[in-house]
Amino acid sequence: MRVVRTIADLRDRLAGWRRSGERLGLVPTMGALHAGHMALVEAGRSDCARVVVTIFVNPTQFAPNEDLGSYPRRESAHLDMLGSTGVDLAFVPATAEMYPPQFSTLVRVGGLSEGLCGAHRLGHFDGVATVVSKLLIQALPDIAYFGEKDYQQLLIVRRLARDLDLPVQIKGVPTVREPDGLALSSRNAYLSSAERRIAPQFVRVLRSVAETLEREPAAVAREIEWGRRELTRAGFDVEYLEVRDAVDLAPVGAAGSRPCRVLAAAYLGRTRLIDNFPIMPASLT
Ligand code: AMP
């Protein structure tokens, strides 16, 4: 696996593959790789002749009070992991390569960015949308892969690619979980062993809300109230727990007539967990 650190080198390498008609898949990450990231790589390998992974801890998506400084960075271990999974190229730019002096452009996806995580992490999705736009324009992949674990992010990226006429397909990949259900996340490393034992309650509650609403679609308000109570009792500090339309994230009063999603963010100690589950009403299956 080759490692490139400049946009010029990235474009050089990709140009050859493009000339020989090879389909290119792109997997953007912030490093701290785990089996969730590897599922995106595998999806890329099954669709595309070449897979490029980017590793960039993007400062513009972290608010000043967030964990930019402590975010897990172990570059050589991450590169070894990628090398052994058949990735063709890793793009690992320095911050100055992505944001040269006087960088002043922001990509903002209105509407979709505003609720849920966007309401609690101010500016976060503008940072995500800006860096993802740059990565897509730099690499011009045929397909780019994003995890359903960050469901709001997936929809935002899909929308920006459409709005900016980027000739790329955005594919969502189902969430990879631990055997006890906890979604894999780089931030799980922050959990103490006591917190790690509590963490699966987060998934249990979300899954229960989703399953109940599939049977009783009108019970959204009751289930949200129940879920918040359960999570608080288990020791979580709930940031949000909401049921939204699965396509445009519009708030819904009932989950019966279209695909919906239950989405939540909560703190366990100092660790912020997010997760979501689909709600597919029986009438649509
Ligand atoms: P990150 O490095 O956390 O920015 O994540 C990079 C990509 O991996 C994003 O598209 C995430 O949604 C995706 N991802 C993170 N965790 C998981 C998971 N447990 N299952 C599937 N995809 C994931």
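The centres of domain 1 and domain 2 are 26 Å apart, taken over C-alpha atoms. This is a predicted model, where local features need pLDDT of at least 70, side-chain atom pairs count only at pLDDT 80 or more, and totals for chains, interfaces and linings use all residues. Residues are numbered from 1 along each chain as its sequence is written, and side-chain values use heavy atoms, with hydrogens and water left out.

User: What makes residues 2-173 domain 1?

Analyst: The domain assignment does: it gives domain 1 as 2-173 and domain 2 as 186-276. Such bounds come from an automatic or database domain assignment.

User: How many residues of each domain are in contact?

Analyst: 21 residues of domain 1 are in contact with 16 residues of domain 2; contact means heavy atoms within 4.5 Å.

User: What area do the two domains bury between them?

Analyst: About 1,700 Å², with 55% of it on carbon and sulfur atoms. Buried area is the accessible area (1.4 Å probe) that two parts lose on being put together, summed over both. On the side of domain 1, L116, H120 and Y151 lose the most, together 36% of what that side buries.

User: Why is the pair R261 and E148 called a salt bridge?

Analyst: The term asks for a side-chain nitrogen of Lys or Arg within 4 Å of a carboxyl oxygen of Asp or Glu. The side chains of R261 and E148 meet at 3.4 Å, N to O, so the pair qualifies. Side chains of opposite charge can pair when their charged atoms come close.

User: Why does the pair D88 and R50 count as well?

Analyst: The closest N and O atoms of D88 and R50 are 3.1 Å apart, so this pair also meets the rule. D88 sits in the loop between α3 and β4, while R50 is in strand β3, 38 residues apart. Helices (H or I, at least four residues) and strands (E, at least two) are DSSP runs, numbered from the N terminus. The structure holds 20 salt bridges.

User: Which residues are closest to the ligand?

Analyst: H37, G147, D150, V176 and L184 are the closest of the 18 residues that surround the ligand. A residue is near a molecule or strand if one of its heavy atoms lies within 4 Å of it.
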